[in-house]
Amino acid sequence: NWSDTEIEPLDLVFTQRLGSHWKDFDVSVNHLDLTLISELLSSTQIADKKVLNAVEKLQPQGVINTLTLGHDHVGYYASANLEKISIASWKGSPGVKHLDGYIELYGDRGLFSFADSDGFEAYFPSVYKDYLTIDEALGSINVSWEADDKLLTVRSNIIRTKLDAGNSNILFSAQQTIPSGGNPPDVTLMIGARNLDARQRDKYLPYSMPPQLDKWLKEAILDIDVEEFGLLVRNSPPKFDRSSQTTQLMMKTSNGVINYDPNWTGVRDATSLLLIDDIYTEVAMKSGTIGSAEVTDATIIYSKNADNQPILSVDAQVEGDLSEVINILANSPLSNNVAGISDWHYSGQTQSHLDLAIPMSKSAKTNEVKAEQLRGQYNVSTTIAEGTISIPDRPISMTDIQGQLNFSVQDGLYGEGIKGNFWQRPMVTRLFKSGDEQKIAFSGDLLPESLNQLVEFPWQKVVVGAVPIEGL
C-alpha cells in the first residue's frame, strides 16, 4: 500500500554492471498500472515539474506489461507490451484511447507496433473535432529525436484499419521542435478507403474545410455510394497562416443523389468524381439523371469569384425529351421567364447544354435572394430533333421541329432558323424576347383547307393554292 492506494504485487528484477560500465543497468517489471503511476506522481510531487506537467496534460492510463528498461553503450532503451493505453492529445499531437500494442525505444529511435482487434479510439485535433472509433488496426509508428535540432518526429507506416464506415488505410506524420516556442506541430494525415458506408461520410469530412463549403457538401449530397475515398490534410507553422494549411479530398462515387442548388432540379443516380482542394471543389459527373433526362457529362465547380464570393458553376450535357428541358426551366429560379409557355405541350429528342453560374451568398429576405440568384449566369442551349410544340385547347401545333433553341436571362427564349411543319406545311420560326414579352415570328405557307381550323369557312372555294404567311 502507498498511502490509501492499493498496489497489486509485481515482480521486479534489477541488474547493474560493475567496473567502468557501472552506468549500464537493466530493470524488468512484469506489469505496471500506468493510471496508478500517474496518480502517485501527481499526489507525491516527487518528479520534475516538467514531467508532472506532461503527465497532467497527457493523462496516461492503461497497463504496461513485460517492461524492460535500461542503459548500455548506445544509450537508454526500453520495451513493453501496452494494454488499453489512453493518452490525451497535447499541443496538436494525436491522442488515443484503449489501444493495445508493443513499444520499443533505443537511443534516439523508437517503434510502436500494434495489432488491435478489440477496438480503440484515435484523435487528430487538427482534422477532426472528436475521436474516431477504430474497430481493428494493424500497423506501426516510428519515433525519432534529433538532439542537435531539438526535433521530435513521429511517422507511421501504412496503418490498415476497419471502421464503422468500412476498411481504410491511414498514414500520418508529426514533427515538433521542443520547446515549441508557441508553434504548432507540422502534421500530415492521409486516409484512403474503398466502399465506405455513405451514411457515415459526414463523420470523416475534416472540420478544417471552410464552413460554407462544408455546409454545401452536407446539404447537397443527400445520398451516395463511396467507391473510393482519399483525404490529405496538412497543417504546419506558422499557426494562423492559411498558406501553411491545406485540405484535399477525393471521392469516386455512384448512385448519387445530389441537389447542387435547392432551387434547381437535382441529379439522381449520379456517377461522379469529387475533388476538393481547400475552397476549390469540382464534381466531374459521368452519368446521372435530371428528372427523366440523362446527364451524359457534367462538371460542377464550387469556388470564389473575383469579389471573393462563393459561386457554383454547372456545365452539363443533357439528353432527353423536350418536355423535360422545359420542365427543368419551369422549376428553377427562371420560372417567371418561361411562365407563358411552360404549359404548352412538348415532345421530341433533344441534346442540351447547361451553362449555369449560381451565386451561393444568400440574403435573409426572399425577394433579395431571388434577385441575387437572377444576377447569375443561366444559359441553356438545346438542339431539337423531330420535336413537337402545341398549344393546349388550340389547333396550333408545330411538328418535325429541327433546330437549336436557346435560353438566357438577358435574351429569354431565342432561336434562329428553327424549321418544322405547321399544319403539314414547312414553316421557319424565330424566337426572341422583346422587352418583357416573349415573341415567336414565323414564315411559310398554308393550304386553304387548313384555315378551317381557325375559322369555319369554305376557304378552298375562294383561295386556290398555298397561301404565303408571315406572323408574330
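Predicted model: local features only at pLDDT ≥ 70, side-chain atom pairs only at ≥ 80, totals over all residues.
Trainee: Which strand gives the largest share of the lining of the second largest pocket?
Mentor: The second largest pocket has a volume of about 700 Å³. Strands 20 (377–390), 21 (397–408), 22 (412–422), 23 (425–434) and 24 (437–446) each supply at least two residues of its lining. The largest share is five residues, and these come from strand 24.

Trainee: How many residues of the lining of the second largest pocket are nonpolar?
Mentor: The lining of this pocket consists of 31 residues, with Trp344, Ile391, Ile396, Ile440 and Phe442 nearest the centre. Five of the lining residues are polar and two are charged, and the nonpolar ones number 24.

Trainee: Is leucine 454 buried or exposed?
Mentor: Leucine 454 sits in the loop between strand 24 and helix 6 (459–462). Together with Ile396, Val455, Phe457 and Val462, Leu454 forms a nonpolar surface patch with about 440 Å² of accessible area in total. Leucine 454 has 54% relative accessibility, so leucine 454 is exposed.

Trainee: What class does the relative accessible area of leucine 171 give?
Mentor: Leucine 171 belongs to strand 11 (residues 166–177). Buried requires under 20% and exposed over 50%. The relative accessible area of leucine 171 is 28%, so this residue is partly exposed.

Trainee: How many Å apart in space are leucine 171 and valine 467, C-alpha to C-alpha?
Mentor: In sequence, leucine 171 and valine 467 are 296 residues apart. In space, their C-alpha to C-alpha distance is 79 Å.

Definitions and conventions
Residues numbered from 1 in each chain as written. Heavy atoms only, no water. 1 Å grid on protein atoms, 1.4 Å probe; cavity = no way out; pocket = protein on both sides within 12 Å on 5 of 7 lines; lining within 4 Å. Points joined across faces, edges and corners; volume = space filled by probe spheres on them. Helix = DSSP H or I, 4+ residues; strand = E, 2+ residues; numbered from the N terminus. Nonpolar A, V, L, I, M, F, W, Y, C, P; charged D, E, K, R; others polar. Patch = residues over 30% accessible without salt bridge, like charges linked within 9 Å, V, L, I, M, F, W, Y side chains within 5 Å. Areas by Shrake-Rupley, 256 points an atom, 1.4 Å probe, with all protein chains shown as cover. Salt bridge = Lys/Arg side-chain N within 4 Å of Asp/Glu carboxyl O. Buried < 20%, exposed > 50% of the residue type's maximum accessible area, 1.4 Å probe, protein only.
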